[in-house]
Every structure is written in C-alpha cells, then in structure tokens.
Amino acid sequence: MKFLVCISNVPDTTTKITFTPDNKEFNKAGVQFVINPWDEYALTRAIELKEQQGGGTVTVLNVGEADTEPNIRKALAIGADDAIRVNAFPKDAFFVAEQIANAAKDGGYDVILMGKESIDYNGFQVHGMVGEMLGIPTVAPAMKLDMNGTTATLEREIEGGKEIVEVQTPFVASCQQPMCEPRIPNMRGIMTARTKPLKVVEAVGEPARTEVAEYALPPKKQGVKLIPAENAGELIKLLRNEAKVI
C-alpha cells in the first residue's frame with residue numbers, strides 16, 4: 001500500500017510573532033520552523049500502518065522553498081521512505097491543494113493523509129480541496145484510522161460526538177489526536193535520512209488566488225479589574241459594557 005503524507009513547515013509554537021514593516025508578511029528572522037504538529041499524527045500513523053501490513057511505502061510531500069528541506073529530512077528520519085518538495089512558497093490553500101493533487105494524480109497512492117490544519121493559518125481547507133480535485137472521498141477530521149485490506153475504518157469528530165465511517169481506497173483523510181503518539185527520529189533514522197530520495201518539482205497551475213491585505217497582532221491584554229464581592233452590579237455592568245460577554 002502506498003501512503004502520501006503532506007507536511008507543512010510552520011513556526012515553532014513558542015515563536016514570538018512579528019511582521020514586516022508593511023504588515024503584509026510574516027517576519028521569518030530568527031524563527032525556528034518545525035513540522036506542523038497535526039501533520040506528525042498523519043506521518044506516524046502512516047508509518048504504523050505500513051509496519052502492520054509488513055510492506056508498502058510512505059512518501060512525504062511538502063509545498064515549500066528550499067529552507068523547508070531540514071524538516072523534510074526530519075520526516076524521512078522519523079520513517080518515511082522518500083519525499084517530494086514542490087518548489088514554491090505556499091501562498092494560499094487552493095494553490096497548495098492544487099500542487100498536492102498534481103503530485104498525487106499519477107503516483108498511484110492508496111491513502112493521502114495530512115493534519116487537519118496548519119497551526120499558523122488554521123484554515124481547515126486543503127484536505128477537502130485535494131479530495132475534490134482528485135475525485136476521491138475525504139474524511140475529516142479523523143481521530144482514528146485502521147486498515148483491513150483496501151477498506152479503511154475511521155473515527156471522526158462531529159459536533160457533540162463522534163462518527164465511525166468506512167471507505168475504500170483511494171481516499172484523503174485529515175488527522176488529529178488521539179490518532180497515535182507522534183514519533184521522534186532516532187539516531188539510525190537520522191543517519192539513513194541523509195541518503196533517502198528527495199525529489200524537487202516545479203509548481204503548476206495559476207498563482208495564488210488570494211493575497212494578504214494586512215496582518216495585525218491582537219490587542220494587548222488589559223489590566224485586571226478587581227470588583228468587591230458585594231458589588232455584583234458593577235461586575236455585571238463591566239461584563240456587559242466593556243468585556244461585552246453578556
């Protein structure tokens with residue numbers, strides 16, 4: 001069975017966010033980038049399923065420029081067999097989905113996995129677009145994935161509960177916890193990752209269909225106001241008129 005796992009390159013969760021002077025781009029200076037944490041669930045589960053089946057391949061795919069290759073190599077160190085990098089900056093969700101679909105269409109992949117969203121934009125869009133472009137089912141967001149031959153059983157989160165669905169390969173699924181425990185690379189994996197294939201291809205299709213007008217940081221937190229317990233009316237007034245939560 002052939003797995004394709006799509007990974008994003010995102011700022012570390014401890015990063016202090018700043019923007020360029022015109023507020024139209026994220027300022028990368030001094031920022032540590034990591035594999036998108038949601039994508040790590042997809043990658044680890046693909047590797048686990050490959051191991052359970054006693055064979056198959058796991059390919060990682062990233063849409064990004066050359067500076068993403070260290071994290072692609074990390075994915076190879078975790079256990080992926082080979083990698084593809086689409087040489088383009090991921091401008092918007094449609095553009096990224098188009099690149100993934102183009103790379104996947106002739107690859108004969110049985111299962112295409114990715115995180116439910118990237119932690120920088122939280123768009124929750126790419127998986128559905130990829131499925132539509134390829135004309136195959138999409139299940140999102142999946143918390144559990146098991147395979148029995150060409151039949152997959154997935155547990156997905158829905159409002160107020162969960163839903164268990166079955167789908168035949170090929171399909172797309174976006175992943176989240178508690179699908180598995182994400183793996184970290186060991187020394188042997190790090191050494192072998194250096195020689196695993198990493199293919200670079202150029203982007204296809206139209207340029208991004210959207211552009212950022214402006215980024216803005218959230219307003220700074222205001223000081224805490226302490227209201228005496230006996231003055232409940234003042235508290236209600238502040239919650240209604242200032243905090244606007246009631």
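These are my notebook entries on a predicted model.

**Confidence.** I looked up the pLDDT first. The mean for the protein chain is 92, and 100% of its residues reach 70 or more. I then went through the elements. Strand E1, residues 2-6, has the highest mean, at 98. Helix H6, residues 232-241, has the lowest, at 89.

**Record.** I checked UniProt for a domain. An unreviewed entry there lists residues 23-210 as "domain: Electron transfer flavoprotein alpha/beta-subunit N-terminal". In the model, that span is 29% helix and 31% strand. Its end C-alpha atoms lie 16 Å apart.

**Helix H2.** I noted which residues are buried in H2, residues 69-78. Among them are Asn71, Ile72 and Ala75. Leu76, Ala77 and Ile78 are buried too.

**Lys116.** I found Lys116 in the loop between strand E6 (111-115) and helix H4 (126-134). What is the nearest side chain of opposite charge to this buried lysine? It is Glu117, 4.3 Å away. A salt bridge needs a nitrogen and a carboxyl oxygen within 4 Å. Lys116 has no salt bridge. I did find a polar contact of 3.4 Å between the side chains of Lys116 and Gln176. Beyond its close sequence neighbours, Lys116 also touches residues including Trp38, Phe124, His127 and Pro141.

**Thr151.** I placed Thr151 in strand E8, residues 151-158. Is it buried or exposed? Its relative accessible area is 18%, so Thr151 is buried. Its side chain makes a polar contact of 2.7 Å with the side chain of Gln168. Leaving aside neighbours within four places in sequence, I also list contacts with Asp146, Glu166 and Val167. The C-alpha atoms of Thr151 and Pro170 are separated by 9.4 Å, and these residues are 19 apart along the chain.

**Salt bridges.** How many salt bridges does the structure hold? I read 10. I looked up several of them.

- Arg209 and Glu98 meet at 3.9 Å, N to O. Arg209 lies in the loop between strand E11 and H6 and Glu98 in helix H3, so the pair ties together parts 111 residues apart in sequence. Arg209 is partly exposed at 45%, whereas Glu98 is buried at 18%.
- Lys162 and Glu155 have their closest N and O atoms 3.7 Å apart. Lys162 is exposed at 53%, but Glu155 is buried at 16%.
- Glu242 and Lys225 come to 2.9 Å. Glu242 lies in the segment after H6 and Lys225 in the loop between E11 and H6, so this pair ties together parts 17 residues apart in sequence.
- Arg45, Glu48 and Asp146 are linked in a network.

How values were computed. Residues numbered from 1 in each chain as written. Predicted model: local features only at pLDDT ≥ 70, side-chain atom pairs only at ≥ 80, totals over all residues. Heavy atoms only, no water. UniProt positions renumbered as here; feature names shortened; annotations may be inferred. Helix = DSSP H or I, 4+ residues; strand = E, 2+ residues; numbered from the N terminus. Buried < 20%, exposed > 50% of the residue type's maximum accessible area, 1.4 Å probe, protein only. Lys, Arg positive; Asp, Glu negative; His and termini not counted. Polar contact = N/O pair within 3.5 Å; in protein donor to acceptor, adjacent residues only side chain to side chain. Contact = heavy atoms within 4.5 Å. pLDDT = per-residue confidence, 0-100.
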